[in-house]
Amino acid sequence: MAKYLVIVESPAKVKTIKKFLGKNYEVTASNGHVRDLPKSKMGIDFEHDFEPKYITIRGKGDILAKLRKEAKKADRVYLATDPDREGEAISWHLSKALNLDDKKEVYRISFNEITKNAVKASLKQPREIDMDLVNAQQARRILDRMVGYKISPLLWEKVKRGLSAGRVQSVALRIIADREKEIDDFIPEEYWTIGAQLSVAGERKKLDAKFYGTAQGRMKIENKEQAEKIRQELLQADYRVLDVKKSERTKKAPFPFTTSTLQQEASKVLNFSTLKTMRLAQQLYEGVEIKGTGVIGLITYLRTDSVRISEEADAQARDYICKNYGEAYIAAASAEKKKSGKIQDAHEAIRPTDIARTPVEVKESLSRDQFRLYQLIWKRFAASRMSAAKYETTSVKIGAGDYRLTVSASRVAFDGFMSVYMSDEDEKGDNNVLLKSIDESSALKLADLECMQHFTQPPAHYTEAALVKALEEHGIGRPSTYAPTITTLLARRYVLKENKNLHLTELGEAVNTIMKEAFATIVDEEFTANMEMLLDKVEEGDISWKTIVSNFYPDLEEAVEKAEKTLEKVRIADEVTDVICEECGRNMVIKYGPHGKFLACPGFPDCRNTKPYLEKIGVACPKCGKDIVIRKTKKADAFMGVRQDRRTVILCPGKSHIRRSVRNVAVIW
């Protein structure tokens, strides 16, 4: 009997897919990439047309040996890695590492969702590895390697060790730095607003009106003197209704999520970092154990910039909406966004694999954060297939001598998609009943007048969500790069995150200055966007990837050589603490390592004393009087009451008196 081998990327998928296939199928995982460029050197043969020198990734030898053994026994091998360029490249690397080129029956299959129908359908439509996709990934990898391995050592020499530069990372840093400069350079401008409360004859409620200007148009009130002059005139004026306009407007349903919009909305609504959003989405995609059903992939593939939905999913959603909300709530036509040149339409938007599997049904089987993200995705997809919301709006123009005031209100006449999903931008309406009774004959009388001073505000700091949006709008990077780019900026301490806002550090400013001075092209937004467009052309088979690489490298090499000679060293002073080094008496400084902050003696290498950095919280231990500090641990048995993952722990440095534990936080007295 024939034996078939299916190789996926993640071990989490193995169990899910195995249950969909018969006993003739063996399903195993490669655990991601199996080959890559070496870490110890550039790994590119510049003398032979920029040929990459791939090696087996350390630790993958046993996995490859097992896969080779399984492949030899199989009559047919299916490479079922993720349905994107990275997944295509992994399939190609697997074919090389497992020597599958000589095997007759080796096929590439891909599925946008891990469901029985999708997996079985992919087996009926096997194909060859798409080398255009592979070459697009190779081009990105090699360009990133060139930038990283050429510029990073320069940063080590000129600033400090452990720094890095990146093709997308450095542009993202510049965008944050440019915003920081806008904020620093911002000069506030004064302006005033005037609000009037008006009594309407026959009505108990008062009407809130806003100063608009004159009959000639809108007027800006720039200072207190101008505001006071207008106020005095308004106090003496007669008020009359000049015009009442009633109309209806609609608000279209949102598109289903792409990677970018999911990261943005999860950040705003759930306060998730981009990295956390992607990690949870990966879990929902690969499969979750659902009580009474088994392991099921709950959402479609999470790396996409398309809003396209399959006909089958669209029909299923419309049927669900009709049964649960009524025919009036079904969208008139499938909402599809026009494709721009940047959109990769290889697979669908992010959606639930089955809209009938509601968040409430699976809540008990999901962690709290998994549930919240699944609920967000489910609601957004359901809303995208629903009809527009309708508002009844009323606008009133009021005359007061030579001046004009306005009143506007709206109410939801038909909630449409908003019955399921409502974002911050969606108006709920104010249901101003008073406005319904107003017309040109209504008598008005001034009840109160208020002048308020304001100042224009600087641009807001970037949040992770806003940065993702900016990168997408500029065409920089791709869905799979947003989260790792932001994570790297934070890990390198180029940027600090405070209350969602990303702030440029002194180190980040120094690195950005060097990049702008020595590598202006690399951190230029337009250049990076054009490079992405060229890489997309590789994916489409229109340009050779080696053409792009060969044109890019000479300019990079020249810029590095020039920078080595002309750039001066930049010194970033360490933060000095009041902790005294017990070995030499110096004040210890804060350093940053792979696991965060630690204290080190500034006398290195003469004095190599280091110790953990314990952040004080301003509370004394009631038993021994020492300061309570915040510490992190990886081991469950280190402190009482800590679960087996990294958690923040509150403890007394004395460590000897544990009184009680509360969930995952050990409170030590």
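The following legends describe close-up views of a predicted model.

**View 1. Confidence across the predicted chain.** The mean pLDDT of the chain is 87, and 88% of the residues reach at least 70.

View 2. Where pLDDT is low, the predicted coordinates should not be read in detail.

**View 3. Cysteines Cys584 and Cys601.** The structure contains zero disulfides. The cysteine sulfur closest to that of Cys584 belongs to Cys601, at 3.3 Å, which is too far for a bond because a disulfide requires sulfur atoms within 2.5 Å. Cys601 is accordingly in no disulfide, its nearest cysteine sulfur being that of Cys584. Cys584 is partly exposed, with a relative accessible area of 34%, whereas Cys601 is buried at 3% relative accessibility.

**View 4. Crossing of helices α3 and α5.** The axes of helix α3 (residues 85-97) and helix α5 (residues 131-158) come within 8 Å and cross at roughly 100°. Helix α3 is therefore roughly perpendicular to α5, the range for that class being 65 to 115 degrees. Helix α3 contributes Arg85, Glu86, Glu88, Ala89 and Trp92 to the contact, and α5 contributes Met131, Leu133, Val134, Ala136, Gln137, Gln138 and Arg140. By class, the contact of α3 with α5 comprises six nonpolar, two polar and four charged residues.

How values were computed:
Residues numbered from 1 in each chain as written. Predicted model: local features only at pLDDT ≥ 70, side-chain atom pairs only at ≥ 80, totals over all residues. Heavy atoms only, no water. pLDDT = per-residue confidence, 0-100. Buried < 20%, exposed > 50% of the residue type's maximum accessible area, 1.4 Å probe, protein only. Axes fitted to C-alpha atoms, helices over the stretch in contact; angles between N-to-C directions. Helix = DSSP H or I, 4+ residues; strand = E, 2+ residues; numbered from the N terminus. Parallel < 35°, antiparallel > 145°, perpendicular 65-115°, else oblique. Contact = heavy atoms within 4.5 Å. Nonpolar A, V, L, I, M, F, W, Y, C, P; charged D, E, K, R; others polar.
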